[in-house]
Amino acid sequence: MATRSHAHHEQRALKLSLYGVLCFVVLGIGFALITKSDAILFDGVYSLIAFCMAIVTLKVARLAQRPDDDKFHFGYTAMEPTLNLFKSLIVIVTCVFALTGAVNRLLAGGNQAEYGLAIVYGVISTTGCFYIAWRMRRSSMDYRSDLVGVEAKTWFVDGLLSFAVLLGFIVAWSLELSGLGHYAPLVDPLLLITLVVLALPIPAKILFDSLKEVVAMAPPEDVVDEIENQLLETLTDVSTEHVELRVSKRGRVTYLLVHVVVADDFEVRGIAALDQIREKSESELKQWNPEIVMDMLFVRDRGCWQINFS
């Protein structure tokens, strides 16, 4: 029931993103045609790319809920970091495209637009993007969804771009009113260049984090240490000499491979007793993080398992 509720809330959050992107596609392209603004046109194109990716994200979110099968022995959750990797690359390419276009517009003398209507667009777009980013961020934290978390960051970047467009039009409009209208066309590309440079680290971090999951790198050391502390608390009743932990994270699932090196006084009371230890440990870990999947092995001879103890 909890898993079904989690999936329901995740799907609802992703649908909010999908509908929001569709609205901003229409809004951006419509205002771009009216104001003749390249910056607004870019914002609309960015939203169009986000709309296409949101459709794919919904599909992957549904796949990630499926259990393992003959084709995917470890389930479909590995598709999540793969999608996030691809999405971050698209965002980076879009930002680089915007940077190149802004530099070209600057060298060509800027771009003249209808600044009054453009300011109206900037206010609507900036407010809407930051609101949806806030909603998505809350959902990602409440339901531990990497897909929704990446959507929140994408909306935040879109909000920053819209805010830069808004600032550019306000400054350009002010210059026109003050008699310095010949400088107005330069403001928009300058602000867009600055913002793209500041925004690029966000998709770059998503790219790096997703790549680590795709190649099955261990999570950050502090995360592994926290998991290990939680694991050891579940084994306080077991006589152990050492507990070796291996961790990998693929999307929403954190996989633990645990080797329990039992002490000399450990008594084996049958397979059922070992199963009880595993079940108790995994149950307590899932209360802390419901997305944990664990395999636990009991060993006595370290050498035969070739465990690397540091």
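Notes on the rest follow.

1. Basis. This is a predicted model, in which local features need pLDDT of at least 70 and side-chain atom pairs count only at pLDDT 80 or more, while totals for chains, interfaces and linings use all residues. Residues are numbered from 1 along each chain as its sequence is written, and side-chain values use heavy atoms, with hydrogens and water left out.

2. Fold. The protein has ten helices and three strands. Helices (H or I, at least four residues) and strands (E, at least two) are DSSP runs, numbered from the N terminus. The order from the N terminus is α-α-α-α-α-α-α-α-β-β-α-β-α.

3. Burial and contacts. The protein has 310 residues, and 46% of them count as buried. Buried means under 20% relative accessible area, exposed means over 50%, and partly exposed lies in between (1.4 Å probe, protein chains only). Take the contacts between residues at least 6 apart in sequence: 75% of these join residues at least 24 apart. A contact means heavy atoms within 4.5 Å.

4. Surface. The accessible surface comes to about 16,400 Å², and carbon and sulfur atoms account for 63% of it. Areas come from the Shrake-Rupley method with a 1.4 Å probe; for residues, only the protein chains shown count as cover.

5. Salt bridges. The structure holds four. The criterion is a side-chain nitrogen of Lys or Arg within 4 Å of a carboxyl oxygen of Asp or Glu. One of them joins Arg-278 to Asp-275, with the closest N and O atoms 2.7 Å apart. Both residues lie in helix α9 (residues 271–288), three residues apart, about one turn of the helix. Arg-278 is partly exposed, at 26% relative accessibility.

6. A pair in α7. Lys-205 forms a salt bridge with Asp-209, at 2.8 Å between the closest N and O atoms. The two are about one helical turn apart, because they are four residues apart in helix α7. Lys-205 is partly exposed at 49% relative accessibility. Asp-209 is partly exposed too, with a relative accessible area of 24%.

7. Glu-244 counts as buried, at 10% relative accessibility. Arg-246 counts as partly exposed, at 40%.

8. Charged patches. Patches are made of residues with over 30% relative accessible area and no salt bridge; like charges are joined within 9 Å, and nonpolar side chains (Val, Leu, Ile, Met, Phe, Trp, Tyr) within 5 Å. Lys and Arg count as positive, Asp and Glu as negative; His and the chain ends are not counted. A charge is placed at NZ of Lys, CZ of Arg, CG of Asp or CD of Glu. The positive patch gathers Lys-15, Lys-59, Arg-62 and Arg-66. Lys-59 sits in helix α2 (residues 38–64). Glu-221, Asp-222, Asp-225 and Glu-226 form a negative patch. Asp-222 lies in helix α8 (residues 221–234) and is exposed, at 55% relative accessible area.

9. Nonpolar patch. Leu-211, Val-214, Val-215 and Met-217 make a nonpolar surface patch of about 320 Å². Val-215 is in the loop between α7 (201–214) and α8. Val-215 counts as partly exposed, at 48% relative accessibility.

10. Ser-248. This residue lies in strand β1 (residues 240–250). Ser-248 is buried, with a relative accessible area of 19%. Leaving out residues up to four places away in sequence, Ser-248 touches Pro-219, Val-253, Thr-254 and Tyr-255. Ser-248 and Val-224 are 24 residues apart in sequence and 9.3 Å apart in space, C-alpha to C-alpha.
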